[in-house]
Amino acid sequence: MIPLSEVDIGPREHAYATSALDDRWISGTGPFIGRFEAELARRVSTAHAVAVANGTLAIELALRALDIGPGDQVIVPALTFAAPAMSVVAVGAEPVLADVTEDSWTLSPADVDKKVGPPTKAIIAVDVLGHPADYDELRRFGVPIIQDAAEAHGSHYKGRPAGSAGDIGAFSFHANKTITTGEGGAVCTSSEPLAARMRTMANHGMKPERPYHHEELGRNFRMTNIIAAIGVGQLERWDELVAARRRIAARYDEGLRGSPYGRQPVAEWADASAWLYVVTTPERDRVVQHLRADGIDARGIWPALSRTPALRRWHVECPVTEHIADRAILLPTSSRLSDTDGDHIVRSLLAAAAE
Ligand SMILES: *Cc1c(COP(=O)(O)O)cnc(C)c1O
């Protein structure tokens, strides 16, 4: 089976991880953590980055740092992997699902306008599949914005790197993301008070300079030094890993030109890096079956959150999301996908369309 996503770990990551082990710095303190945070902040053009254990906790930490909890509402798009909505529930707040636009697949400012109100304490915008949301439009609502850039390493919104367009940017470094540490995450911000608060809350509410002194409530969200070592290796390969996925996406574009498949639109404000390449077809299930029979791990995209059983308490209709979610297919995309396998996938898609 050609995998949906393949991990690309090189000699650098091995060497750094070994060095962390040899030095016995294996917990949430150690030199690679600071290096990882500094390099990520530099990449993303924010003043600060705080490394955490995974992308879901990154979003939760951002929400907590904004004092969001019971009685508050947070607007989240219905077209996304479910983690942002789950994180809102995790802090005791209510997720308000909003639809996406047809021409960007990201949060619809018009739908947000209908749902925003006094209980709205933040908007989580998701850069879905690498395509940035329209941050200048979302800013107009005057509530803090968390940019979920888990899928958008290397994307830009009007020239601003993904992770820097909101008040807080949240990243995941899960094994299937463009830059990976296996499990891992980070929050990025240019606000000094928010960065300090997130650093403290991620470490049991202790300020770095005052151990065992808990000024505020916190928990343990820390990334380990071994994981950060892998991350430093990956961040040093950022350009290579981002470019490799863009190349695969361009090859799909080329191979599928003139075919009946639709693809994710690109809005004029977006420089979208390719996380997972997507095609759309009204015959989604038949095409997925055809691809799988040809040894390709293609999958239907995540069901709309408006139809997700665990979120039924917060159900609202999101017709554009539901339309996309019924038609979109995720195709194998990774820096290790060979041209031979890429061409096999294109041929299989074209054959499925001809059936
Ligand atoms: C992967 C992902 C997350 C969650 O990240 P984890 O590191 O797996 O917890 C959050 N949001 C989006 C949009 C994602 O794709």
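How far is an oxygen atom of the ligand from an N or O atom in the side chain of S172? The distance is 2.8 Å for a polar backbone atom of G55, and 2.7 Å for the side chain of S172. Polar contacts here are pairs of N or O atoms within 3.5 Å. The protein covers 92% of the 370 Å² of accessible area that the ligand has on its own. That area comes from the Shrake-Rupley method with a 1.4 Å probe.The model is predicted: local features need pLDDT of at least 70, side-chain atom pairs count only at pLDDT 80 or more, and totals for chains, interfaces and linings use all residues. Residues are numbered from 1 along each chain as its sequence is written, and side-chain values use heavy atoms, leaving out hydrogens and water.

Stay with the ligand for a moment. There are 15 residues around it, counted when one of their heavy atoms lies within 4 Å. Of these, T56, D148, E151, S172 and K177 come nearest.

Now turn to the strands. Strands are DSSP runs of E with at least two residues, helices are runs of H or I with at least four, and both are numbered from the N terminus. Two strands pair if DSSP finds at least two bridges between them. Buried means under 20% relative accessible area, exposed over 50%, and partly exposed in between, with a 1.4 Å probe and protein chains only. Strand β2 (residues 73-77) pairs with β4 in the parallel sense over 3 bridges. Here Q73 has T120 as its bridge partner. Strand β5 (residues 145-148) also runs parallel to β4, joined by 4 bridges. I124 is partnered with I146 in β5.

A second pairing pattern is antiparallel. Three strands form an open sheet in the order β7-β6-β11. The edge strands, β7 (160-161) and β11 (270-271), each pair on one side only. Strand β6 (residues 156-157) meets β11 over 2 bridges. There, H156 stands opposite D271.

Finally, take helix α10, residues 284-293. Its buried residues are R284, V287, V288, H290 and L291. They lie on the same side of α10 because they cover an arc of only 160 degrees around the axis. The arc is that of the directions from the helix axis to the C-beta atoms. On the other side, D285, Q289 and A293 are exposed. The cover over the buried residues includes β13 (299-300), α11 (319-327), β14 (328-331) and α12 (339-354), with contact meaning heavy atoms within 4.5 Å. Just after α10, G295 takes a positive phi of about 80 degrees.

Note on methods: Polar contact = N/O pair within 3.5 Å; in protein donor to acceptor, adjacent residues only side chain to side chain.
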